[in-house]
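I opened the notebook to write down, step by step, what I looked up in this structure. I begin with the cores and then turn to the packed helices.

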Amino acid sequence: GTIESVSELPKVPSGQAPPCGLGQFLDAQTATCMDCSPGRFLPESDKLQSSCFACPAGTYADSTGTTQCKACGIATFSAEAAASCTACPAGRAAGGEGSSACLECRAGQFAPERSSECVFCDVGFFSDQPGAASCHSCASLGDAFPLTTDVLGASSSAVCVCPAGSYADRSAFEGCQACPAGMACSLGSDLSFLALGNGPIPEAMPGHMTLASSPVFAYKCLLAAHCPGGQPGRCAAHRDPTKVACGVCEADAYEADGACIPCDSVDVLPLVLTAFLVILGVAALAIVVNRDMLSKSNDSKAAIAISGMMLGSIQTFGLFSDLELRSFEPMRTIFRICGLFSFDLKVLRAQCVFGSDPAAAYVCSQLFAPVCITAMFLALLIKKHLKPGTSVRYELTNSIGTLFMLLFLSILMSALMPYMCYDHPDGTKASVIQEPSVLCFDTAVHTAMIIGSVFSLLTVPLPFIATLAFAIMQYPSWTSSIAQQEVVLKAFRFLFFRFEPSRYYYGLILMLRSFLICLVPIVVRSDLALQVSLLCVVILSFLVLQQRLSPWRGGHGAFANDIDALICSTLLLLLFFASMVSDLMADLETMRAIWTILFVCGVAVVVGSLAMLTYRRLQPNPVYGHFICHHKAAAAAQARLLQLTLQTMTGRRVFIDSDDLKDLEILFDTVRSRVRHLVVYLTRDTLRRPWCAGEIVAAFAADIKVSTVKCLSWVEYTGHDLQAIAETGGDIDLSGCNLTDYGISMEEVAAAFRKLLAPGIQSCSLSGQSHGTARFDQVVKSILGKQASPVIVSALAVQQGAVLISSEEASDEASAAAAIVASKLSTGIRGICEEPVLCLVDFAADAEVTKKATDCARAVVLLLSAGSLTCQQQLTVILTLAASTAAPADAMVRPSTLRASEGSMAKISTAIKGGGSNSSRAG
């Protein structure tokens, strides 16, 4: 503060006034009053005023004539007799007023110039000398990572450590390095502390572990419960800390529900009992699947098919356990049960029997197929002993095929198991999903498993697929050959008799689906979002294909197809909901690419479909030159002959409606958009067939050309008949088909019939045409608008070695059949027999000439029809053949089944080729 008095000064005598003013002193030499100089003062209480006093240290007087000194402010100081205060220099500080000196900052502190106090160095800085004006940054000492400190006021560079998320290894004189993936590095982590135990070290995060031999490489554990994290070699109870990812239980312990449990003496029973039941089961399967198919009802077949679907879905669900899905109850328990179907022996406590060697466990799992085949073979040998007629070869093939079809996904998954890996955090190493302790393509154990996998693939799944492909390729020829039918009925019934005959190839499609499902976790690993996306695409694609093909057979085939769709849909939903609670960690670019591809494909399909349909609508390009509408029961051979003749004369395809009556919508659309000319072959019942009525309505609606051919059995419609059709449907048989379902009313049918039967429609009558098969040529020329030249009926000329075809003269159907047979036989025996093929119906009837021609013929083919035994010409031929000494052949063709008798045509051709003149007869 200020000085008010100085006790040592002499006092002015009482009652005497001071000689000078305030702040002045009396100079004894000059006897004058003078002001105190700066830095000095004279208090008012000093009455003598003989001299001024110096301001004490910490105070100052900055003017003359001062009666008191002022105290120095904060962050300043002064010496004695100071006219002003001096600011504290850098590295020093004065915290109060009236300071005579600034205090020097200690190490770990700093103070800039004119500081009121010393400040501790901040985190990340240090000061190793006292009186520091600033602190040094630890960051300047680091290399890849800036160093820092864990305290304030660091007084040495030795206190600078690596920041959180990095670690050092001072024992190796290495700077800070990034904390390895899957590990946590706290502030100041140093690997050298691992041996000293006096500081933080890099530690594995929960769900990861490190080995003592490589403490800074983290392995991701298959289940987080296996690895609590922390220091190297730390695993859950009873897990071997020396194995990668804590993936193996200690000796004499087995894995159950994610935990390792010490083995007990009874823990061998599950494996032994299961092995016994499997062997017994496959032996029984070999007996059951070879039972007579005819003894099984459609309900039984549907139940068998649905059971197979369910078994396949269980195997697919088991594959989901190989994904990094977050499991929960009851999903976790179901995954464990499904492990049985992927031959995961851990479920059966196999470690208590075989130990924990992964290679040995894999080899044991691959013995499933050989053991099952052996059990089936022995069971069939016993059956053959009890039932000598048993074909072991065929039944064993069927048994093996049935087992492999049911468990193909599991067999394939088991064989491909060494390739199903998941990545460890740093991405440079991966472990086998089912054996986390085995590093993929990095250890001798995995090499041994790969060798076993290749051997297994080459001996079971791949040969099985090749066999299926071969059988499917041979199926059409096998079914058409009586000698090979046993192969289909017995050896390959597992492949063909679960599906509709037209979908006999569907078994190979199921195998392809299983293969693609197994491929997903192999091609894409450690990317759950992409795995789920691809699995959904595969399952959904085959679901759409299944619904399109409807392959399952049986009286309840539609029901089996619906159940198959329901099962696939359920799998999709289960996968979707399981992924919702899992950490998908979807890669944005990958999802962007998939989303874009799907969107573009969807738009392209829709736009492309619309463009194609629009083009086809605006630029029609008929596929068929003619469409023959007829009643098959009365004119099958006649319509077929017209088809062959029209195709020969025009060079264009001709469609017959009876070739495809499964889908009338497609049939009617064919008439509307793919046909140039509709030919209605009118027999008595043609217009009574609903599909014929629909074809006629479609033709007139599309404004295409329509012609009619009227046969002998045709009866003209009256106006009353057409009115009845419009009102009640008339005599059209609607019991099996309702035209209303196709948008066709009876009024439209009646109107179309009126147009059809009107005089302006091109029409010809078969009854007025020429004799024999030539009359059909005349009909075709009439349809094509050509002039039909008259045909002269000549007498039959006897020719040695000719092939004769005898048919009923009064039957147009028999005549047409004869013409078709003649055409096919001429082609079939060309180059073997140069003599002509003659139809007797084309010549004038003469019993003697017919008899001679029959005697001289190389072969005679009799076409038997309803009136054959009342036809004089055919009776002549029959009697002549009966009197012949040559042995007659047994070939026969019925006109009503002509199209289905290609085998008969081949048989006749073979008989003709094999015999000489007068040596063979066909009756």
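I first noted what a nonpolar core is: a set of buried Ala, Val, Leu, Ile, Met, Phe, Trp, Tyr and Cys residues joined through side-chain atoms within 4.5 Å, where buried means under 20% relative accessible area, exposed over 50% and partly exposed in between, with a 1.4 Å probe and protein chains only. I also kept in mind that this is a predicted model, in which local features need pLDDT of at least 70 and side-chain atom pairs count only at pLDDT 80 or more, while totals for chains, interfaces and linings use all residues. Residues are numbered from 1 along each chain as its sequence is written, and side-chain values use heavy atoms, with hydrogens and water left out.

**Cores**

I looked up the largest nonpolar core, which has 88 residues, and found that Phe-320, Phe-492 and Leu-495 touch the most other members. Helix α8 (residues 392-416) gives the most to this core, namely 15 residues; helices (H or I, at least four residues) and strands (E, at least two) are DSSP runs, numbered from the N terminus. I then followed Leu-495 and, setting aside neighbours within four places in sequence, found it in contact (heavy atoms within 4.5 Å) with Met-405, Leu-468, Ala-471, Ile-472, Tyr-504 and Gly-507. There is also a second, separate core of 38 residues, which includes Tyr-624, Phe-655, Ile-696 and Ala-698.

**The chain as a whole**

I read that the protein chain has 26 helices and 34 strands, and that buried residues make up 44% of its 923 residues.

**Helix pairs**

How do helix α2 (residues 269-288) and helix α7 (residues 368-386) pack? I found an angle of about 50° between them, with their axes 8 Å apart; axes are lines fitted to C-alpha atoms, for helices over the stretch in contact, and angles run from 0 to 180 degrees between N-to-C directions. That angle makes α2 oblique to α7, since angles under 35 degrees count as roughly parallel, over 145 as roughly antiparallel, 65 to 115 as roughly perpendicular and the rest as oblique. Among the residues that meet are Val-278 and Ile-279 in α2 and Phe-368 and Val-371 in α7.

I turned next to helix α18 (residues 664-673) and helix α19 (residues 690-701), whose axes come within 8 Å and cross at roughly 35°. Their contact includes Leu-664 and Phe-668 of α18 as well as Trp-691 and Ala-698 of α19, and I noted again that Ala-698 is listed in the second core.
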